[in-house]
Amino acid sequence: MTINAKEKFKNVKCVLFDLDGTIYLGKKVFPFTNKVLKYLIDEGLQYCFLTNNSSLSNEDYKKKFRDMKIDCLDNGIYTSGDAAIEFLHKNYKNKKIQLLATKSLERQFTANDIILSSENPELVVIAFDTELTFEKLTAVCNNINKGVPYIATHPDNFCPAENGILPDAGSFIALIEKATGVSPLEICGKPGRIMADGICKKFSLKAEELLMVGDRINTDIAFGVNNGMHTLMVLTGENTIKSLTSSAVYPEVIARDIEALIDIF
């Protein structure tokens, strides 16, 4: 596997890591994580944490990484929230946006000159709002029922948690579709194109110069496959080799964990 992977990934310049299930599991950082990250830098490779989880801003993610003692580069985090912000700047610049999100993501949107308002918005954005209230949800549904279009940061139905699962943005989308009969115009995160274009732009790289590493087939691996990136699936998170038997997409390489990258590069 390693020899074949060395050849497959010889043109890779940046490694994209999913977070939960890849870099850590719950609140536990894998013992090899920082060893691998340091190795990549020593070998002249860049890396970036690429996550659909839009409950935190970049700055709050960096704080989380510091608290968990995970090495993060200055430009080493890119979320579906970032992808949504770029989409808004390109397609809804200076428009009023209603955002269903945490205070953390609200701060990032405001800092990036997104005009937030629930009064007569021109677009609604649905994120992973762990501070969701019935009032916020009702306000969003009412505007969508009035004809306001909406997008979502990502499609994940649930987020793994130590005591079970948390309903994620995909579950919010399903609820909104039931309540309004309306589907989102776009979904910005993995496995879609908007996030891929954003990460290529961020590092000024072509898709074939990127390696997507993650544990989820339908988001991480599908993201890489759909967008022309290299892919490596690890078995430290949600999916197993058995999960691939019913999958429409397949990773180039399967590894026990990200420590395999030391042999590959």
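Author: Welcome! The model is predicted, with local features needing pLDDT of at least 70, side-chain atom pairs counting only at pLDDT 80 or more, and totals for chains, interfaces and linings using all residues. Residues are numbered from 1 along each chain as its sequence is written, and side-chain values use heavy atoms, leaving out hydrogens and water.

Reader: Why is Gln98 called buried?

Author: Gln98 has a relative accessible area of 5%. Buried means under 20%, exposed over 50%, and partly exposed in between, with a 1.4 Å probe and protein chains only, so Gln98 counts as buried.

Reader: What makes the pair Gln98 and Asn143 a polar contact?

Author: Their side chains are joined at 2.7 Å. A polar contact is a pair of N or O atoms within 3.5 Å; within protein, one must be able to donate a hydrogen and the other to accept it, and residues adjacent in sequence count only if both atoms are side-chain atoms. The 2.7 Å value therefore meets the distance cut-off.

Reader: Which residues of helix 4 meet helix 5?

Author: Gly81, Asp82, Ala84, Ile85 and Leu88 in helix 4 meet Leu105, Gln108 and Phe109 in helix 5, where contact means heavy atoms within 4.5 Å. By class, this contact has five nonpolar, two polar and one charged residues.

Reader: What else does Leu88 touch?

Author: Not counting residues up to four places away in sequence, Leu88 touches Lys93, Ile97, Phe109, Ile114, Leu123, Val125 and Ile151. Leu88 is also among the residues with the most contacts inside the largest nonpolar core, which has 33 residues.

Note on methods: Helices (H or I, at least four residues) and strands (E, at least two) are DSSP runs, numbered from the N terminus. Ala, Val, Leu, Ile, Met, Phe, Trp, Tyr, Cys and Pro count as nonpolar, Asp, Glu, Lys and Arg as charged, and the others, Gly among them, as polar. A nonpolar core is a set of buried Ala, Val, Leu, Ile, Met, Phe, Trp, Tyr and Cys residues joined through side-chain atoms within 4.5 Å.
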